[in-house]
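Dear colleague,

Here is the structure I said I would pass on. My notes follow below.

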Amino acid sequence: MSRTRKPVVPGWFDPDAADFRLLGTRCRACGAVFFPREDTFCRNPACTSDDLAEVPLSRRGTVWSYTDARYRPPAPYVSDPDASWQPYTLVAVELAAERMVVLGQAAPGVGVADLTVGTEVELVPGVLNEDDGHTWMTWRWRVVGGGGGGDSRAVAASLGPAAAGAGGVSSDLAGGGAGGASLGPAAAEAGGASLGQAVPEATPASPCPPVPEAVPASPHPPVPEATPASPHPPVPEAAPASPHPPTPRRGVGGGEKTKGAGGRRVYRSAGHPPPTASQGSTHAGHAPPSADRGSSREAQANTSASHDSEPSTGSLTGDVAVLGAGMHPWGKWGRSFVEYGTKAVRDALADAGLDWREVQSVVGADTVRGGYPGYVAGATFAKALGWQGARVTSVYAACASGAQAIGTARVQILSGLAEVALVVGADAAPKGFFAPAGGDRPDDPDWLRFRLLGATNPAYFGLYARRRMALYGDTADDFAQVKVKNSAAGAANPYARYRKRVTAQEVAASAVVSDPLRLLDICATSDGAAALVLTSMDFARRHGVADPVRIRAVSTATPHYPRTVLDLPDIATDSSAAVPEPATGFRASIAHTAYEEAGIGPEDLSLAEVYDLSTALELEWYEDLRLCGAGEGAKLLRDGATALGGRLPVNASGGLASFGEAVPAQAIAQVCELTWQLRGQAGARQVAGARVGVTANQGLFGHGSAVVAVR
């Protein structure tokens, strides 16, 4: 059968060119280079030009990081569900002239054992998949001088049909996709069905373990016809050499690190001095979250505080009180997200001692998995609780949705629009990998990373983990010890999904998902819900709560251009050939913004709740929060500083390792944990004398999320 060769995305490369290259664009005004190509406007914020010319990118580069796909990605990646799955390698390659990183599959025959960070590779054409009329072409990375792949003249013979190998055949585990992470360990749960494949304890990992419930084959999605050749005149092969000296890319999961563990303390106003040790907690008990809190409220009412002044009229910075916190246990319950959220709200209202009819604003964190009601979560929960006239707001920011909802409610309170606001997020996650929304959307980066590369969230986590190992000497056992630490904390949390301690040996015996990460290194997808009742400080005092937990800062920072660390769902980083890299990367800036607004530094913290989508990412957060210097996260862990009883416990809740991820609820759940810790009500996982806590996570498409809570 005769087939027409076409690029999966028109204009990204010419599959028949003798000199096969990726095609980007360059701004004629500022020199910024873009891939995937920008054809309308320059994204350099200092440039307003729309004069963009096509430019071929370098054919050779060096490996920034690499991983593999041990399980079949979901559609729109095309594979044969009847064929056994053949893992393929994903390689992130740094192009020196363009000063950018581009992700792609490795050529057939290139495995992780053939690569190291810094290996020289070159671009070759490849076949992604075939249908009745077309051979859909893509790009691959091949080790220079190492064989594998093929050039444009021999590609058909050397690569063959997609079903034969790297073009795709089949996986079915969990993790990765449009809103969050990942895979589910089959450890003992708090009532829910386990996610993904059950992993027997202490059994050797199979290189390609069988997994039940295979993802149905995707029909071959139509791809737009190829566009005519670019009308732009030829442009030299690569961007001119950068006038800026090279800057080493230290960051592995979110950007450059700030140097050292210290931090300048910027006290916002005389009304908000930093908490001190003398402001110790009045709570002596350790009641679990579900216990009666009447006596605690009496203690709060009799406690004086030195930082409870109201912000000046019109100020949108200042403290808001957390009067109520509630959660629905995480698990796999098989019911509606509305049910989970309503339960969490009722618990939060009971905790606050308020009637639903006293709530003046509802801010819902949206879920993309609940149909239309999920997209308008504020109204959905207002209706479920009974319409009573409150204003409603619905927000979505992927994994940062909960923090965006908290920030929105806080601004409404500080601006005087409401005195009492309810924040709620809930999710009912599917088994298996998170996948992009259905339909063909070649202009959607999330859809493209699945269609072109089969790059699930765990694949990106694997890239970050391998990068840490190469730069800092982190080991697989370091990653495993994060799971050990968090599972011990989660065993004491009644809301956690996984309440079983895990050993390093069990982590090492679980299946590899995206090298070097194993099943128990990566968090599950879960059902769950969390809610908070926030009020003005004046309202709290009028209701007899003199010293509530307060939210002092909410950071929803975004990156600075150029963003030079590969992050999901992107296929490539920004180029720093024309614009120098920012001094502080995105993830570090999230925490810096929160610290600055709260008038604290990392030295003031009692505890932190961070987004451990993978064990390696938790170590990254230590450094981004400036709990230690760049590359020192594993040492901080080994020293016991971040465990319960350590100098600064991280994820005393058990983290995502113990919960799994319920995307819109997770950032709210982090603040619930800080609330119970600062009240002294966290039971067996209580951090002694907790006075200041921070949360941190990151959502797709540049959504930062950090909250500082104090008492």
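Which strands does helix H5 lie across? Helix H5 (residues 377-385) lies across strand E11 (361-365), E12 and E13, and runs at about 135° to E12. Helices (H or I, at least four residues) and strands (E, at least two) are DSSP runs, numbered from the N terminus. Axes are lines fitted to C-alpha atoms, for helices over the stretch in contact (heavy atoms within 4.5 Å), with angles from 0 to 180 degrees between N-to-C directions.

This is a predicted model, in which local features need pLDDT of at least 70 and side-chain atom pairs count only at pLDDT 80 or more, while totals for chains, interfaces and linings use all residues. Residues are numbered from 1 along each chain as its sequence is written, and side-chain values use heavy atoms, leaving out hydrogens and water.

The open sheet has 9 strands in the order E12-E11-E13-E16-E10-E17-E20-E19-E18, with mixed pairing (two strands pair if DSSP finds at least two bridges between them). Its edge strands, E12 (391-395) and E18 (607-610), each pair on one side only. On average, neighbouring strands of this sheet are turned by 25° against each other, direction ignored. Strands E13 (residues 420-427) and E16 (residues 527-535) run antiparallel and are joined by 8 bridges; Asp427 stands opposite Gly528 in E16.

Elsewhere, Arg60 is found in strand E5 (residues 60-69). Leaving aside neighbours within four places in sequence, Arg60 is in contact with Leu95, Glu120, Val121, Glu122 and Val144. Arg60 and Val143 are 83 residues apart in sequence and 9.5 Å apart in space, C-alpha to C-alpha.

Regards
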